[in-house]
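Let's take a walk through this structure together. Keep the sequence and the 3D view open as you read, and follow each stop along the way.

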Amino acid sequence: MNSSAHQSVQVNRTIYLCDAGMRLMCPNHFTVKVRRFHDYERRFYRDLLRASRYDLIIEVGCSAYRLIGVKGDYNDYLGIDINPPRTRRLKNGRGAVIRCDANKFFKRTRLINEIMIRYDGRVLCILPFNFLGTMDAPMEFLALVCRAPFDLALSLFSTSETATVARLEYYDLCGIAVQSVVRTDDYVRLDCSTGSRRSLSIRSSWRGAYRPVASA
């Protein structure tokens with residue numbers, strides 16, 4: 001990979017670690033519509049956890065571990081984030097948060113196998129609201145994720161006009177200027193004031209997608 005190609009695939013990583021990107025993760029910058037999407041997402045996971053038994057919930061891209069509230073007393077929780085909060089041990093919530101790049105986490109096959117053994121395969125991995133859409137190479141990352149033996153659930157902005165408008169309001173509140181929008185049935189791409197490609201959201205829905213994986 002040449003230097004220009006390497007720089008192009010680091011665009012979103014750079015943006016999400018800057019001040020504007022951090023505001024995207026701050027609850028004070030969640031618009032009413034984004035909060036509504038979050039409510040639907042929490043409802044989806046609560047229903048899923050009532051219907052299925054999981055001993056560990058892994059939230060990849062956990063930010064301020066927003067989804068720890070959906071777990072029951074019988075679930076452990078592990079948050080993965082490239083820039084997590086200072087609190088790493090959640091004493092009253094039976095959970096922990098570790099600093100790790102998402103791509104690197106899913107490449108650590110020995111650790112993943114140890115987790116599966118420790119929890120007897122009853123592990124749910126969550127990619128929370130639009131985390132996949134923040135990745136520089138979302139389809140390549142998703143292919144990597146799907147190689148892991150965890151059950152997987154994820155949620156994204158849909159490609160509808162309503163969701164796109166909600167996203168624009170959200171970014172504007174966070175101080176991210178959008179120069180142009182490309183919206184198709186397959187993805188929505190926002191080009192921002194940096195002149196770089198903002199993100200790519202594959203076709204999905206805030207209702208979430210769920211992939212059960214049989215344990216070996």
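This is a predicted model: local features need pLDDT of at least 70, side-chain atom pairs count only at pLDDT 80 or more; totals for chains, interfaces and linings use all residues.

The buried residues of helix α8 are A163, T164, A166, R167, Y170 and Y171; here buried means under 20% relative accessible area, exposed means over 50%, and partly exposed lies in between, with a 1.4 Å probe and protein chains only.

Residues are numbered from 1 along each chain as its sequence is written, and side-chain values use heavy atoms, with hydrogens and water left out.

How far apart are the end C-alpha atoms of α8? They are 18 Å apart, which agrees with the 18 Å that the 13 residues of α8 (residues 161-173) should span at 1.5 Å a residue; the expected span is 1.5 Å times one less than the number of residues. Just after α8, G175 takes a positive phi of about 85 degrees. Helices (H or I, at least four residues) and strands (E, at least two) are DSSP runs, numbered from the N terminus.

Helix α7 (residues 138-146) has its own buried set, made up of P138, F141, L142, L144 and V145. An arc of only 160 degrees around the axis holds them, which puts them on the same side of α7.

Now for the charged side chains. A salt bridge is a side-chain nitrogen of Lys or Arg within 4 Å of a carboxyl oxygen of Asp or Glu, and by this rule the count comes to eight. One of them joins K33 and E169, whose closest N and O atoms are 3.6 Å apart. This pair links distant parts of the chain, with K33 in helix α4 (residues 32-51) and E169 in helix α8, 136 residues apart. K33 is partly exposed at 27% relative accessible area, and E169 is partly exposed at 37%.

Another salt bridge connects R122 with D55, with 2.8 Å between the closest N and O atoms. R122 lies in the loop between α6 (109-118) and β5 (123-127) and D55 in the loop between α4 and β1 (56-60), so the pair ties together parts that are 67 residues apart in sequence. R122 is partly exposed, at 28% relative accessible area, whereas D55 counts as buried at 10%. R122 also meets D120 in a salt bridge (3.2 Å, N to O), and D120 is exposed, at 54%. Which residues are linked in the network of salt bridges? They are R53, D55, D120 and R122.

Finally, step back to the protein chain, which has eight helices and 10 strands. Buried residues make up 47% of its 216 residues.

How values were computed. The arc is that of the directions from the helix axis to the C-beta atoms.
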